[in-house]
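Have the model open as you read.

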Amino acid sequence: MKKNISLIVAIALPLIFLAAVAIAVLVPAASVHPTYSFIYTSDPSYYGYYGAYRSTYIVNNGSIALQSLPTQPNMQYRDEAPPIYLYDVKTDTTHVLTLDQAHAYSVDPGPSSPDGYIVQYEYGNNGIFDLFGARSDSNGYFIEKGSAKKKLPGLAESNGYSYNGSFKLLGWIK
């Protein structure tokens with residue numbers, strides 16, 4: 001039996017380490033339970049292949065409104081405004097809204113939700129597993145409160161050239 005103890009320890013320690021890592025990763029995400037959905041859009045200052053937008057959205061007295069942007073000569077502009085989206089935190093889904101639909105919601109511009117959550121882009125890493133060539137989807141938009149965070153599926157990740165900084169949270173639905 002004494003001969004087997006070193007073998008048991010050699011097998012048990014890596015398993016204990018893997019279990020601890022799994023718990024450290026999964027428990028914070030499981031504790032994320034936001035109650036407020038939010039409305040967002042692409043940042044109208046982003047100049048894409050087809051030009052910049054002529055207007056943006058603002059929150060005015062708890063309602064989303066359209067606002068014209070100043071224009072510059074010799075610059076290409078899009079006539080339409082950027083799309084508006086509603087992110088439903090209960091179903092983890094995104095829906096496109098018209099301006100009239102978005103205007104019907106009463107919103108709090110934040111930056112954090114009434115229950116303390118924020119949405120932000122994070123450049124993730126794989127920790128020590130990067131040494132072994134690991135690849136993960138740890139880059140992206142997350143909803144978080146304190147150290148607890150959860151990736152938001154469906155939000156734009158990349159514009160093809162660099163990580164997309166075009167996400168703009170307009171407000172949290174009251």
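1. Before anything else, keep in mind that this is a predicted model.

2. Have a look at what surrounds Thr-94. Leaving out residues up to four places away in sequence, Thr-94 touches Tyr-40, Tyr-85, Leu-86, Tyr-87, Pro-153, Gly-154 and Leu-155. Leu-152 is 58 residues from Thr-94 in sequence, yet their C-alpha atoms are 9.7 Å apart in space.

3. Next, go to Ser-37, in the loop between helix H1 (2–30) and strand S1 (38–42). Is Ser-37 buried or exposed? Its relative accessibility is 13%, and buried means under 20%, so Ser-37 counts as buried.

4. The side chain of Ser-37 has polar partners in the backbone. A polar atom of that side chain lies 3.4 Å from the backbone oxygen of Tyr-87, and the side chain also reaches the backbone nitrogen of Val-89 at 3.1 Å. Beyond four places in sequence, the contacts of Ser-37 also include Asp-88, Gly-171, Trp-172 and Ile-173.

5. Now for the nonpolar cores. The largest has 16 residues, and Phe-38, Val-119, Ile-143 and Phe-167 have the most contacts inside it. At least two residues of this core come from each of S1, strand S9 (118–122), strand S10 (140–145) and strand S12 (167–173). S12 gives the most, with 3 residues. Apart from this core lies another, of 10 residues, among them Ile-39, Ile-64, Leu-86 and Leu-97.

Terms used. Residues numbered from 1 in each chain as written. Predicted model: local features only at pLDDT ≥ 70, side-chain atom pairs only at ≥ 80, totals over all residues. Heavy atoms only, no water. Helix = DSSP H or I, 4+ residues; strand = E, 2+ residues; numbered from the N terminus. Buried < 20%, exposed > 50% of the residue type's maximum accessible area, 1.4 Å probe, protein only. Polar contact = N/O pair within 3.5 Å; in protein donor to acceptor, adjacent residues only side chain to side chain. Contact = heavy atoms within 4.5 Å. Core = buried A, V, L, I, M, F, W, Y, C linked by side-chain atoms within 4.5 Å.
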